[in-house]
Amino acid sequence: MLVIILAVGVLSWLIRALPFLLFGRGERPPKAVTYIGRVLSPAAIAMLSVYCYAGYVNARPPLEHLAMLAEFAAGAVTVVLQWRWRNPPLSIAVGTILYMVLVRFF
Amino acid sequence: MRPEETSRRPSVFGKAFAASIPVMAGYGTMGFAAGVLLAVNGGISCPALWGALSSAAFISGPLQYLFVDWVHTSLALVSVLAIVLCVNLRYSLYGLSLLETFRGARFWTRFYLIAGITDETYALEVACDLPPAEKRRYCLFLTALDHFYWVLGVTVGAFAGEALPFPSEGIDFAMTSLFLVILTEQCRTRVNRIPALVGGVSAVVMFALLVLLIGGARARADMLIPSMVLAIVILLSIRNRLEPLTTNN
């Protein structure tokens with residue numbers, strides 16, 4: 001297990017360091033790279049949100065996919081709370097608790 | 001600057017700490033949940049120890065949750081490393097937009113800053129508008145704080161998971177909530193909405209495609225890189241329209 005932890009840790013650092021190793025010497029990265037760097041983060045977060053939901057799609061038996069009420073309801077509540085009150089702990093806590101309750105029924 | 005003014009200005013650490021409070025909540029819950037899962041599902045002795053070590057070595061929500069899975073199922077090291085690559089590519093692309101920010105920091109500082117690039121840390125680092133030297137210290141404090149919250153969350157969660165009877169069903173929604181919260185905040189800025197849409201749609205398309213091709217279980221694990229590639233391709237193709245909007249920020 002220590003091997004896994006070390007391997008994952010070292011590899012994680014290496015991959016995260018790639019841009020710094022490639023572009024770190026002081027030369028400016030090409031504009032396309034800068035553009036992607038700027039624009040990728042909202043795309044990545046959106047993608048990760050979908051990734052989370054993909055996990056829930058898998059967790060349900062096939063015919064119940066459309067009835068992912070718990071996931072979508074809790075997700076919608078989270079977003080609405082965050083949009084309105086800008087309070088991440090609140091949004092996360094309420095969303096998660098709501099999900100834990102709803103998932104027992106749906 | 002007059003003396004009374006300096007005593008009222010918040011320090012860089014203070015600003016970093018204030019900014020990191022939402023992360024404390026997020027990493028606290030996410031880490032706690034990951035720790036609980038490790039204790040409950042992991043089937044290992046001393047989950048708190050392994051939780052602490054793993055969370056210190058790699059700071060990543062997905063990887064931490066996946067770690068629980070690997071420990072439980074004794075997945076082959078090669079598969080483990082393949083997933084590590086996929087998950088971290090996202091962080092390395094974050095590094096692209098942080099090149100300027102970290103320039104000029106000492107070697108070990110840069111080393112640690114790089115190691116600590118995560119979604120939440122990145123989002124806050126990008127949102128920070130301090131002058132360069134202060135911004136580097138801000139990022140360092142932020143990375144250290146976020147790292148600390150994470151390790152603490154996972155370790156405490158592992159202890160709690162061992163000691164208390166936990167309703168483990170559904171607590172992992174904390175991760176989904178956290179991403180949705182970050183997404184919501186990013187979409188307050190108009191410029192981010194199109195990239196977000198592109199990312200989301202790419203992910204849905206790729207997931208659906210993979211489900212058809214290789215089935216649901218593996219589709220989810222394998223969807224990250226194809227989604228990212230598709231999103232980048234689309235974003236590059238609309239670059240002429242989108243880039244002027246981004247550089248005006």
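A helix is a DSSP run of H or I with at least four residues, a strand is a run of E with at least two, and both are numbered from the N terminus. This is a predicted model, in which local features need pLDDT of at least 70, side-chain atom pairs count only at pLDDT 80 or more, and totals for chains, interfaces and linings use all residues. Residues are numbered from 1 along each chain as its sequence is written, while chains are lettered from A and ligands numbered from 1 in the order in which they are written.

Chain A contains four helices and zero strands, and its pattern along the sequence reads α-α-α-α.

In chain A, A:R86 sits in the loop between α3 (69-85) and α4 (88-102). A:R86 is not a glycine, yet its phi is positive, about 45°. Most residues other than glycine have a negative phi. A:R86 counts as partly exposed because it has 14 C-beta neighbours inside 10 Å.

Chains A and B also touch each other. Two residues are in contact if their C-beta atoms, placed from the backbone, lie within 7 Å. The contact takes these residues:

| Chain | Residues in the contact |
|---|---|
| chain B | 79 residues |
| chain A | 57 residues |

On the side of chain B that touches chain A, helix α5 (residues 77-102) of chain B gives the most, with 16 residues.

Note on methods. Buried ≥ 20, exposed ≤ 12 C-beta atoms within 10 Å, placed from the backbone.
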